[in-house]
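I opened the notebook on chain architecture today. These are my entries, in the order I looked things up.

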Amino acid sequence: MKLARPESMHDVATHYCPGCGHGIIHRLIGEVIDELGIREKTIGTAPVGCAVLLYNYMNFDVIECSHGRPPAVATGMKRMMPDRIIFTYQGDGDLAAIGTGETIHAANRGENITVIFVNNATYGMTGGQMAPTTMTGQWSTTTTEGRGKHGEGPPLRVCEMLATLGGVAYLERVAVNSPKAIAGARRAIKKAFENQMAGVGFSLIEVLSMCPTDWKLSPKESLAFIDQEMKKVFPLGVFKDVTGEGTSV
Amino acid sequence: MAEKVLLQGNVAMSEGAVQAGCRFFAGYPITPQNEVPEYMSERMPQVGGVFVQAEAEVAAINMIFGAASTGARCMTSSSSPGVSLKQEGISYIAAGELPCVIANVQRAGPGLGGIRGAQGDYFQSVKGGGHGDYRLIVFAPASAQESYDMTMAAFDWADHYRNPAMILTDGIVGQMSEPVELKPYKPACSLPEKDWILDGCKGRAPRIVRTLYLHPVERLIDHNRHLAAKYAKIEAEMQDAEEYRCDDAEVIVAAYGATARVAKAAVNMARDEAMKVGVLRPKVVWPFPVKFFKKHARRVRKWLVVEMSSGQMIEDVKLAIECSKPVEFLGWGGGWYPTGESILEKVREVYR
């Protein structure tokens, strides 16, 4: 069986490492945008991090933002073009460290945008430093004794934190480490875009994603790492849904 | 002439933006520019625009980055410490060649400094401010009227060159109320079609507002060459200055903004004492009005630069006249204000 490439994606190979989750997540976004028929009115924001070259892969308008600022950039775009579909694609460093302020305030203003938050618990592009979502005890190049020994604090749990904000419409944490998980991630991403089309408001999908290179694991071991380690700290589920369609955690 | 209304400089600047078609404003409170976001919060909804009080200066400038990419006329304002925070975003906007207007109602620094007007952000405004090789078109109004006029024009020139423009004013010009003629908006220059905006790729190839060029190496160098060529064009076309009693002047006082107005008073007093003195006031500080300085460089015996800083524009004056004559200085940073008398005293000393 040959799966056709979504029209929303260019016919090029990505630069991602073997076993990385970004390619899967890009594809899910491309499929959903095709399915919803919104490619010609979608504008994506590329982050700083491994997905910085997003615009090389997606076949629609893209703006290349500074580190952590996509929710502010998306705010400016969406407010001036309310009938276009604006989404941000951000890693954990981008969204939950340097851009925490932008994330929280765009969410609390209830900006009608879609945020795809890729949580792989590491700074991939710069070579595996501690991310805001690096787990307690997890090795990184800046926590070589494991996070938590030298005042790093515990990992930031974005969905749990944002669920307390009145402006937020939809929050769900998904994963892409199995065919079943990918199907769930696709459903959540689609809902996040549908919410924006219906004017429901701020929707964020956190995607637990593999980084075999920085985790120093094989691609196969990385799939298991999400089930065995990450889900304990970052449980999957719907954290907020003002449409009342989902199930609460 | 149309009827004049009494307006504060900050409000005149804001209304100039509204008249020029600014329909997105994002800002953050900081003295002495608070009247700008306050006024815009009322005016934007009245004209079908959007006002967002951002969570930080960093967010505000990035909202401008987004709004500008849609082709909307947009503006943010702040005062010195807040403008420092905006520098990262300004560099990205310059890299992406997006037109917008950024106002700096300068206050005294460094650090949190103070809230008196100052001119300590000259270097930051005209030499770069953020990282990388880029330039802003920097207007320096000296009155509420110019705050209105120059802000209208700034939107046009920003669109014309696809480059961010700055209104470099200060706490004196911004806070002072003066009669302003609310001239109807008329484009200051040709306005090219915005064939670069991001509004969805319907019926066209996708567009990218790019701020990153990794491979091949030549691409980023080419982008810098392209920017440099644009800046050279702006330098050739946009130099602007006011020459006040300069025709026969043996000493010229160079000053911009509020300082220049005090310098004019000093020059009038000096003329009463039979000293041939004039004021050369850059109205645009980048590009620096080199040709105006060169024009007077041969005749003038000495130059006096007055700034509400410890000496920044003086470097551009020396460069403009290629250090051909002595250049004296009067000024301090930190909220020091010149008086007619203090400048006159310095003029007497320099004129000898």
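**Sheet.** I began with the open sheet in chain B of this predicted model. I counted seven strands, in the order 3-2-4-5-7-6-13, with mixed pairing. Which strands stand at the edges? I found strand 3 (50-53) and strand 13 (284-286) of chain B there. Each has a single partner strand, so one side of each is left without a neighbour in the sheet. Ignoring direction, neighbouring strands are turned by 20° against each other on average.

**One strand pair.** I looked at strand 2 (residues 24-27) and strand 4 (residues 74-78) of chain B. They run parallel and are joined by two bridges. I also noted which residue B:Phe24 faces: B:Cys74, in strand 4 of chain B, stands opposite.

**Helix on the sheet.** Next I followed helix 2 (residues 35-46) of chain B. Helix 2 lies across strand 2, strand 3, strand 4 and strand 5 (100-106) of chain B. Against strand 3 of chain B, helix 2 runs at about 145°.

**Helix pair.** I turned to helix 3 (residues 57-69) and helix 4 (residues 80-95) of chain B. At what angle do their axes cross? I read roughly 30°, with the axes coming within 8 Å. Angles under 35 degrees count as roughly parallel. Helix 3 and helix 4 of chain B are therefore roughly parallel to each other. The crossing is right-handed.

I listed the contact residues too. Helix 3 of chain B brings B:Glu57, B:Val58, B:Ile61, B:Asn62, B:Ile64, B:Phe65 and B:Ala68. From helix 4 of chain B I noted several, among them B:Gly82, B:Leu85, B:Gly89, B:Ile90 and B:Ile93. By class, I logged nine nonpolar, three polar and three charged residues in this contact.

**Domains.** Last, I checked the division of chain B. Domain 1 covers 4-184 + 228-236, and domain 2 covers 241-351. Their C-alpha centres lie 26 Å apart. The contact takes 25 residues from domain 1 of chain B and 21 residues from domain 2 of chain B.

Which elements supply the domain 1 side? I found at least two residues each from helix 5 (122-127), strand 6 (137-139), strand 7 (164-170), helix 7 (171-175) and helix 8 (217-237) of chain B. Helix 5 of chain B gives the most, with four residues. I also sorted the residues on that side of domain 1 of chain B by class: 15 nonpolar, six polar and four charged.

How values were computed: Residues numbered from 1 in each chain as written. Chains lettered and ligands numbered in written order. Predicted model: local features only at pLDDT ≥ 70, side-chain atom pairs only at ≥ 80, totals over all residues. Axes fitted to C-alpha atoms, helices over the stretch in contact; angles between N-to-C directions. Parallel < 35°, antiparallel > 145°, perpendicular 65-115°, else oblique. Left-handed = near helix turned anticlockwise from the far one by under 90°. Contact = placed C-beta atoms within 7 Å. Nonpolar A, V, L, I, M, F, W, Y, C, P; charged D, E, K, R; others polar. Domains from an automatic or database assignment. Pairing = 2+ DSSP bridges.
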